Amino acid sequence: MAKSDTASVNRRTDIVSAAIEVFAESGYYRTTTMQVAKRAGISQPYIFRFFATKEELLLAALEASWQRIADAFRQVVATASPDRLERELIAAYEEIMTARRSETLLQMQAQTMRDEPIRTAMQSGLRDIRGIVLEAFKDRGLPNPEERAKLFLAKGMLCNVSMALDLPELMEG
């Protein structure tokens, strides 16, 4: 990759990272591209070199957040023994939630949005994660893999709510 291509990819990544933070703080509808540009340390018109609309920027942010979870889960699946698989998936998700809190908050907001492209992105991301978990449970011969995958995802959603509302008692026990 040429130096200018690398710089362009890095700048795009910086913009997406800034957008995740600002969207998580202010909400998608209240966030302006000017706020994202300021956070990224660039001019507002520069954002539009990479993203034609604010919605495209949100979709890129959601894709990045789902991809991070998928990559982490695939890494666990590649190395975890059957008896450690679920625990290591949980640990990987907890690490993402701690290190990337804004991504979790962004996904939680996007779950409630009715705009079709955003809804489709959320459905796709969650289906991908479910598929990774379900296939891993099946491949490891864990009993009731469909039910286990469903409960795993439900507990993850409860973790999100617990973190977002600062209610750790939801996760006790």
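Contact is defined here as heavy atoms within 4.5 Å. The structure is a predicted model, in which local features need pLDDT of at least 70 and side-chain atom pairs count only at pLDDT 80 or more, whereas totals for chains, interfaces and linings use all residues. Residues are numbered from 1 along each chain as its sequence is written, and side-chain values use heavy atoms, with hydrogens and water left out.

Leaving aside neighbours within four places in sequence, Thr33 is in contact with Gln44, Ile47, Phe48 and Lys54. Thr33 belongs to helix α2, which covers residues 33–40; helices (H or I, at least four residues) and strands (E, at least two) are DSSP runs, numbered from the N terminus. With a relative accessible area of 9%, Thr33 is buried. In this classification, buried means under 20% relative accessible area, exposed means over 50%, and partly exposed lies in between (1.4 Å probe, protein chains only). Tyr46, in helix α3 (residues 44–47), has a relative accessible area of 23% and is therefore partly exposed. Apart from neighbours within four places in sequence, the contacts of Tyr46 are with Arg11 and Ile15. Between Tyr46 and Ile15 the C-alpha to C-alpha distance is 9.6 Å, at a sequence separation of 31 residues.

For the chain as a whole, eight helices and zero strands are assigned, and the order of elements from the N terminus on is α-α-α-α-α-α-α-α. The C-alpha trace spans about 55 × 40 × 30 Å along its principal axes. Of the 173 residues in the chain, 39% are buried. Among contacts with a separation of 6 or more, 64% are accounted for by residues 24 or more positions apart. The chain exposes about 9900 Å², of which carbon and sulfur atoms supply 52%; accessible areas come from the Shrake-Rupley method with a 1.4 Å probe, and for residues only the protein chains shown count as cover.

Helix packing was examined next. Two packed helices are described by the angle between their axes and the distance between the axes. Helix α4 (residues 54–79) packs against helix α7 (residues 116–139) at an angle of about 0°, with the axes 10 Å apart. Axes are lines fitted to C-alpha atoms, for helices over the stretch in contact, and angles run from 0 to 180 degrees between N-to-C directions. The two helices, α4 and α7, are therefore roughly parallel to each other, a label given to angles under 35 degrees, while those over 145 count as roughly antiparallel, 65 to 115 as roughly perpendicular and the rest as oblique. On the α4 side, the contact is made by Glu55, Leu58, Leu59, Leu62, Trp66, Ile69, Ala70, Phe73, Arg74 and Val77. The α7 side comprises Pro117, Ile118, Ala121, Met122, Gly125, Leu126, Asp128, Ile129, Ile132, Val133 and Ala136.

The structure holds 10 salt bridges, each being a side-chain nitrogen of Lys or Arg within 4 Å of a carboxyl oxygen of Asp or Glu. One of them joins the side chains of Glu103 and Arg68, at 2.9 Å from N to O. This pair links distant parts of the chain, since Glu103 lies in helix α6 (residues 101–110) and Arg68 in helix α4, 35 residues apart. Glu103 counts as buried at 4% relative accessibility, whereas Arg68 counts as partly exposed at 28%. Arg68, Arg100 and Glu103 are linked in a network of salt bridges.

Further salt bridges include that of Arg84 with Glu88, whose closest N and O atoms are 3.6 Å apart. Arg84 is partly exposed at 40% relative accessible area, and Glu88 is also partly exposed, at 26%. In the salt bridge of Glu146 with Lys138, the closest N and O atoms are 3.8 Å apart. Glu146 has 43% relative accessibility and counts as partly exposed; Lys138, at 38%, counts as partly exposed.

Asn144 is located in the loop between α7 and α8 and counts as exposed, at 56% relative accessibility. The C-alpha atoms of Asn144 and Leu134 are 9.9 Å apart, for residues separated by 10 in sequence. Leu165 lies in the segment after α8 (145–164) and, with a relative accessible area of 55%, is exposed. Together with Leu158, Val161, Leu170 and Met171, Leu165 makes a nonpolar surface patch of about 380 Å². Patches are made of residues with over 30% relative accessible area and no salt bridge, with like charges joined within 9 Å and nonpolar side chains (Val, Leu, Ile, Met, Phe, Trp, Tyr) within 5 Å.
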